[in-house]
Amino acid sequence: MTRILPEVLHSWSTQALEKTGLPQQDAAQITGYLVDVDLRGIKSHGTRQLRRYVGEFLQKQVNPRPAQRIVRETDNSIRYDGDGGAGYLVATLAADRACEKAQDVGLALASTCHHGHVGSAGIYARAALTHGLISCGMAGGRAWQA
């Protein structure tokens, strides 16, 4: 087994995603999640997904420069459209905004549509913990294509 330091893996993985057309900030964000998931021992949803993601970006199955937008918003809910981009990006927006709303009104819901894979659901559950909240999350879809 070859041991790779997390910082080296993060740097290399970020560069790989940038080569597909992702902005550096988005590539680093996604890579941060992938490396963190690897460090947690969840091999199925960590950097092993890079091969898949790089292929999807290069084949134009996933939009490397999405313009996420709010589809609908109420005082305790929000729905984002991911514009065909990586699910990580829009799911992070949705989770963060749901946490803000929950702190304001006590309970909130966020949903997303039109995007690629969101990765490990634990990413978003841990985001709620940083706000002192609990969360329940799920992911699913039906034959979405760019």
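Reader: How many aromatic pairs does a search of the whole structure find?

Author: Rings of Phe, Tyr and Trp (its six-membered ring) pair if their centres lie within 6.5 Å; planes under 30 degrees apart count as stacked, over 60 as edge-to-face and the rest as tilted. The search finds 3 such pairs. The model is predicted: local features need pLDDT of at least 70, side-chain atom pairs count only at pLDDT 80 or more, and totals for chains, interfaces and linings use all residues. Residues are numbered from 1 along each chain as its sequence is written, and side-chain values use heavy atoms, without hydrogens and water.

Reader: Why is the pair of Tyr-33 and Tyr-88 classed as it is?

Author: The ring centres of Tyr-33 and Tyr-88 are 6.0 Å apart and the planes meet at 20°, so this pair is stacked. Tyr-33 belongs to helix H2 (residues 24-39) and Tyr-88 to helix H4 (residues 87-105), 55 residues apart; helices here are DSSP runs (H or I, at least four residues), numbered from the N terminus.

Reader: Which kind of pair do Tyr-33 and Tyr-124 form?

Author: Tyr-33 and Tyr-124 are edge-to-face, with 6.4 Å centre to centre and 65° between the planes. Ring pairs join Tyr-33, Tyr-53, Tyr-88 and Tyr-124 into a cluster.

Reader: How are H4 and H5 oriented to each other?

Author: Two packed helices are described by the angle between their axes and the distance between the axes. For H4 and H5 the angle is about 25° and the axes are 10 Å apart, the axes being lines fitted to C-alpha atoms over the stretch in contact (heavy atoms within 4.5 Å), with angles from 0 to 180 degrees between N-to-C directions. H4 and H5 are therefore roughly parallel (under 35 degrees).

Note on methods:
Helix = DSSP H or I, 4+ residues; strand = E, 2+ residues; numbered from the N terminus. Parallel < 35°, antiparallel > 145°, perpendicular 65-115°, else oblique.
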